[in-house]
Amino acid sequence: LHLNFWRISLSIFFPVLLIIPYLHTAALAIQYGKRIMPEEIQNRFLASQYIKKITSPQDKIFVWDDLDGCSIYFWTGLTNITHFRVKYCFLPKDSMRLNYRALAGDYKLNQKSFLSDLNKELPIYIVIVNDNWFGTDYLEKKAFLEFFDILEKRYVAEKKIGTCTIYRLIP
């Protein structure tokens, strides 16, 4: 179980980490990104560069993503408001892709812990990554209504970059 998680994480992010040293500036990074990054990774990178420009180092964000959200945190240099990094921590097994079902734990307990973290400090930005054509899956919203209610009531969609929608906290 634990070994599969690391194997999946390494297979996804190791190629990305190999190219990071070559991306010296945002302009150069975008130029390289268009040539060598798959579109889904490129969207995350471009979203992170947008967020990096409009935030300060002490700001916190949250990324709702089925890939390990660490890439956006890494590229922005910002901190996650919680220790949860993948949206599947909050979802029942039947709403997950097959390759993530091994990661499933007590999703209700995880939701409760995450909502507690949110109540302590709302992030300045929330990034929702939708890798399907229809937006955030209905089953995801249904499984975690409390989070999506907070998103709808306390945030406004500020920018869409490919599959990434960036929501800003309403002051």
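Lys159 is located in strand β4, which spans residues 155-161, strands being DSSP runs of E with at least two residues and helices runs of H or I with at least four, both numbered from the N terminus. The model is predicted, and local features therefore need pLDDT of at least 70 and side-chain atom pairs pLDDT 80 or more, whereas totals for chains, interfaces and linings use all residues. Residues are numbered from 1 along each chain as its sequence is written, and side-chain values use heavy atoms, with hydrogens and water left out.

With a relative accessibility of 35%, Lys159 counts as partly exposed, the class between buried (under 20% relative accessible area) and exposed (over 50%), for a 1.4 Å probe and protein chains only. Beyond its neighbours within four places in sequence, Lys159 is in contact with Tyr50, Cys164, Thr165 and Ile166, contact meaning heavy atoms within 4.5 Å. Tyr50 is 109 residues away from Lys159 along the chain, and their C-alpha atoms are separated by 9.1 Å.

Helix α5 (residues 107-120) and helix α7 (residues 145-154) have axes that come within 10 Å and cross at roughly 25 degrees, so that α5 is roughly parallel to α7, a term that applies to angles under 35 degrees. Gln111, Phe114, Leu115 and Leu118 of α5 make this contact with Glu146, Phe147 and Ile150 of α7; by class, the residues are five nonpolar, one polar and one charged.

Across the whole structure, a search finds 15 aromatic pairs, rings of Phe, Tyr and Trp (its six-membered ring) being paired if their centres lie within 6.5 Å. Such ring pairs link Phe62, Trp64, Phe84, Phe90, Phe114, Phe144, Phe147 and Phe148 into a cluster.

Note on methods:
Axes fitted to C-alpha atoms, helices over the stretch in contact; angles between N-to-C directions. Parallel < 35°, antiparallel > 145°, perpendicular 65-115°, else oblique. Nonpolar A, V, L, I, M, F, W, Y, C, P; charged D, E, K, R; others polar. Phe/Tyr/Trp six-rings, centres within 6.5 Å; stacked < 30°, edge-to-face > 60°.
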